[in-house]
Amino acid sequence: MPYSSINFNKKTILITGGAGFIGSNLAFYFQENYPLARIVIFDCFRTEKSFNNGNLLSFGHYKNLIGFNGDIICGNINNKDDLNLLNEFSFDFIFHHAAISDTRVYDQKLIMQTNVNSFYNLLSKAKKDKSVLVYASSAATYGSLSSPQTIGKENPENPYGFSKYMMDKIATRFNNDNPDMKIIGLRFFNVYGQREFFKAKTSSMVTQLGHQILSGKVPRLFKNSSLISRDFVYIEDVIQSNVKACASNSNGVFNIGTGISRTFQEISDILQKELKTNLGTEYFPNPYKDYQMNTQADISSAKQNLGYQPRFSLEEGIKAYIPDILKNHVDSVQ
Ligand SMILES: NC(=O)c1ccc[n+]([C@@H]2O[C@H](COP(=O)([O-])OP(=O)(O)OC[C@H]3O[C@@H](n4cnc5c(N)ncnc54)[C@H](O)[C@@H]3O)[C@@H](O)[C@H]2O)c1
């Protein structure tokens with residue numbers, strides 16, 4: 001559904017990270033609602049190389065883009081020559097989602113280069129093209145501060161969270177120096193939904209538990225999972241926030257969640273109800289010391305300034321996501 005009065009037809013739209021989870025959903029949103037939009041995806045896709053933690057260096061996957069009719073540039077945001085390929089275009093809108101999205105990567109140099117250095121280049125490109133720039137920040141900027149998480153009170157506790165925290169500061173300063181520009185940062189909380197499968201072990205608890213249950217395994221949760229809660233936000237609402245950000249009259253950074261915190265146990269229970277299983281739950285000790293027990297976004301500013309209004313409860317989001325979980329499960333066991 002169109003989330004904004006802006007007519008994106010005939011507009012040129014860049015989506016960095018467009019082969020990933022959020023970026024690919026955004027690409028399809030524009031393709032389906034604005035068939036005359038020129039959509040350009042910039043993404044390094046995946047290689048077989050991994051970080052020390054065993055996760056891939058990047059999660060972009062061609063399967064997220066089956067059916068996409070726009071342009072694709074396979075490039076690395078760390079590489080100036082690759083970024084220069086974008087100068088073939090002048091963009092009306094830039095959605096910057098490419099990043100090391102794995103919160104458990106501790107290579108500080110690589111995270112800062114990838115998430116922060118590249119941001120300066122995209123800000124310059126947006127300034128040159130007079131584009132609206134919407135970029136992905138993160139709830140990781142808050143670390144383990146108590147809920148509700150509110151803009152202006154941040155305490156990042158890992159390199160990933162710090163990189164997003166610095167992006168927000170850089171964006172604010174750049175905007176102060178260039179007041180005519182429209183730059184909006186979106187601090188996503190825990191996003192789940194279709195096209196998330198290829199994030200593997202870094203995908204949401206909804207995805208991971210869904211696939212455990214479909215494999216006939218008892219869902220495994222940390223001990224005390226009825227006490228661990230997150231603001232889980234369905235991908236459709238995240239798309240809504242990206243689109244509405246383009247029409248915002250206020251620049252700045254906004255929390256994107258539901259404003260409601262739900263437990264890991266509830267996810268498991270809702271999935272089992274939807275998948276009609278009764279496998280119970282297996283509990284194991286939480287291995288992480290720096291573990292955030294609760295998140296709940298204060299979304300009042302996003303509601304007021306972007307007109308953002310989350311439409312999916314956890315129950316509704318999981319129900320809408322089930323067909324994609326089932327399809328990926330069938331594909332992965334074939
Ligand atoms: N999914 C969430 O819950 C969540 C929460 C908070 C913030 N975010 C942020 O939203 C954005 C999108 O997240 P996502 O969940 O879609 O993650 P994702 O990993 O699926 O998407 C990121 C994309 O960026 C690409 N990429 C990574 N490094 C790159 C590089 N050096 N050059 C070019 N492309 C590169 C990857 O291939 C991938 O397609 C990220 O910036 C992430 O930090 C996501």
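This is a predicted model: local features need pLDDT of at least 70, side-chain atom pairs count only at pLDDT 80 or more; totals for chains, interfaces and linings use all residues.
Residues are numbered from 1 along each chain as its sequence is written, and side-chain values use heavy atoms, with hydrogens and water left out.

Let's begin with the ligand. The shell around it holds 29 residues, and the closest are Asp 43, Ser 101, Tyr 160, Lys 164 and Lys 199. Sorted by type, the shell has 14 nonpolar, 12 polar and 3 charged residues. In that sorting, Ala, Val, Leu, Ile, Met, Phe, Trp, Tyr, Cys and Pro are nonpolar, Asp, Glu, Lys and Arg are charged, and the others, Gly among them, are polar.

The backbone also comes up to the ligand. A backbone N or O atom of Gly 20 sits 3.0 Å from a ligand oxygen atom. Another ligand oxygen-to-backbone distance, to a polar atom of His 97, is 2.9 Å. A polar backbone atom of Ile 77 lies 2.9 Å from a nitrogen atom of the ligand. Taken alone, the ligand would expose 820 Å², and the protein buries 95% of that; these areas come from the Shrake-Rupley method with a 1.4 Å probe, and for residues only the protein chains shown count as cover.

Which elements give two or more residues to this shell? They are helix H1 (21-33), strand S5 (132-138) and helix H4 (159-177). Helices (H or I, at least four residues) and strands (E, at least two) are DSSP runs, numbered from the N terminus. S5 gives the most, with 3 residues.

Take H1 next. This helix has 13 residues and reaches 19 Å from its first C-alpha to its last, close to the 18 Å expected at 1.5 Å a residue; the expected span is 1.5 Å times one less than the number of residues. H1 is largely enclosed by the rest of the structure, because 11 of its 13 residues are buried. Buried means under 20% relative accessible area, exposed means over 50%, and partly exposed is in between (1.4 Å probe, protein chains only). The buried residues of H1 pack against strands S1 (12-16), S2 (38-43), S4 (93-96), S6 (183-188) and S7 (190-192), and against helix H6 (235-245). Contact here means heavy atoms within 4.5 Å.

With a relative accessible area of 14%, Ile 22 is buried. Leaving aside neighbours within four places in sequence, Ile 22 is in contact with His 97, Phe 188, Val 191, Ile 235, Val 238, Ile 239 and Asn 242. H6 itself is mostly covered, with 10 of its 11 residues buried; among them are Ile 235, Val 238, Ile 239 and Asn 242.

Now over to S5, where you'll find Ser 137. Ser 137 counts as buried at 3% relative accessibility. The side chain of Ser 137 makes a polar contact with that of Asp 168, at 2.9 Å. A polar contact is a pair of N or O atoms within 3.5 Å; within protein, one must be able to donate a hydrogen and the other to accept it, and residues adjacent in sequence count only if both atoms are side-chain atoms. Not counting residues up to four places away in sequence, Ser 137 touches Lys 164, Asp 168, Leu 186, Arg 187 and Phe 188.

Beyond its neighbours within four places in sequence, Gln 265 is in contact with Leu 221, Ser 225, Ser 226, Thr 281 and Tyr 283.

Finally, some backbone geometry. Most residues other than glycine have a negative phi, and most peptide bonds are trans. Ser 147 and Pro 148, however, are joined by a cis peptide bond, with omega about -5 degrees. Pro 148 sits in the loop between S5 and H4. Arg 195 has a positive phi, near 70 degrees, and lies in the loop between S7 and helix H5 (205-214). Arg 195 is partly exposed, at 23% relative accessibility. Ala 200, found in the loop between S7 and H5, also has a positive phi, of about 45 degrees. At 46% relative accessibility, Ala 200 counts as partly exposed.

Note on methods
A residue is near a molecule or strand if one of its heavy atoms lies within 4 Å of it.
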